Amino acid sequence: MNSRSSRLWLPFAMIGGVLILLGALVWLLFSRVESSISPDPVSIANASLTNMQEQNRLTVFSASYNATVTTTVTKLGLSARKTLIMPGTVRYELDLGKLGAEDVRWDARDNILYVEIPAIEIARPEVHIEQIQTYDDGGILMALTDAENVLDKANRKKGVEELAKQAQNPVQVRLAREAARRAVRHNFAVPLQAAGVEAKIDAFFPYERSRYKERWDYSRPIRDILAEQQTKREEAQ
């Protein structure tokens with residue numbers, strides 16, 4: 001190429017270089033703006049987690065039961081028996097204070113948020129005192145001794161224990177767990193959907209962890225992702 005041709009091409013080369021440089025700057029600026037306004041699913045999930053932890057305990061399900069118990073005492077060759085019918089309500093709860101950042105993991109490849117839910121806790125039965133019914137047999141012994149107080153105290157204790165036992169019914173526990181899943185999914189899904197993030201929420205309990213081993217291994221705790229993001233921001237400043 002002669003010197004005249006070089007002189008002709010030089011301005012075009014310079015203009016081309018300037019355009020490339022401007023394009024790179026525009027792309028970099030656009031990328032930073034886009035990253036600053038694009039919703040971050042991890043940050044949203046972390047905010048949802050904080051809100052849930054502040055709720056402390058969440059009642060996810062409740063059920064009513066009836067306990068029928070009988071106690072017999074024998075004294076002075078006489079016996080007395082008393083039957084108690086005790087209605088009560090039992091709450092099934094989640095202790096959200098036990099849900100930590102290490103229990104929430106983000107799978108960026110498939111846009112799935114995995115949440116390991118704390119085990120369901122069954123609260124102490126709430127007895128409906130005004131609905132209690134009693135039936136007794138042994139008036140003489142009750143009149144002569146404190147048998148009635150002994151029977152009442154024993155029956156109340158056995159009644160509460162029976163309500164708690166009934167609350168362990170596998171069907172009711174399963175219903176409580178499903179209600180807990182729905183509640184946790186809802187609490188994480190709504191903020192993500194509001195931000196326009198399409199993500200699946202997969203909530204499970206500790207006893208189901210073996211089914212999630214592979215997915216749990218390649219997903220990342222949101223705590224680690226947030227720490228990494230913070231480090232990158234500090235390095236960029």
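## Exercises on a predicted model

Glu-148 counts as partly exposed, at 33% relative accessibility. The model used here is predicted.

**Exercise 1.** Find the salt-bridge partner of Glu-148 and state what the pair ties together.

*Solution.*
- Step 1: The partner is Lys-82, with the closest N and O atoms 3.0 Å apart.
- Step 2: Lys-82 lies in strand S2 and Glu-148 in helix H4 (residues 147-166), so the pair ties together parts 66 residues apart in sequence.
- Step 3: Lys-82 has 4% relative accessibility and counts as buried.

**Exercise 2.** Decide whether Arg-57 and Asp-95 are buried, partly exposed or exposed, then describe their contact.

*Solution.*
- Step 1: Buried means under 20% relative accessible area, and exposed means over 50%.
- Step 2: Arg-57 has 36%, so Arg-57 is partly exposed.
- Step 3: Asp-95 has 12%, so Asp-95 is buried.
- Step 4: Their side chains form a salt bridge, 3.7 Å from N to O.
- Step 5: Strand S1 (residues 57-75) holds Arg-57 and strand S2 (residues 78-95) holds Asp-95, so the bridge ties together parts 38 residues apart in sequence.

**Exercise 3.** Classify the packing of helix H2 (residues 41-55) against helix H5 (residues 170-194).

*Solution.*
- Step 1: Two packed helices are described by the angle and the distance between their axes.
- Step 2: For H2 and H5 the angle is about 135°, and the axes are 9 Å apart.
- Step 3: An angle over 145 degrees would count as roughly antiparallel, and 65 to 115 as roughly perpendicular.
- Step 4: H2 and H5 are therefore oblique to each other.
- Step 5: The crossing of H2 past H5 is right-handed.

Methods:
Residues numbered from 1 in each chain as written. Predicted model: local features only at pLDDT ≥ 70, side-chain atom pairs only at ≥ 80, totals over all residues. Heavy atoms only, no water. Axes fitted to C-alpha atoms, helices over the stretch in contact; angles between N-to-C directions. Helix = DSSP H or I, 4+ residues; strand = E, 2+ residues; numbered from the N terminus. Parallel < 35°, antiparallel > 145°, perpendicular 65-115°, else oblique. Left-handed = near helix turned anticlockwise from the far one by under 90°. Salt bridge = Lys/Arg side-chain N within 4 Å of Asp/Glu carboxyl O. Buried < 20%, exposed > 50% of the residue type's maximum accessible area, 1.4 Å probe, protein only.
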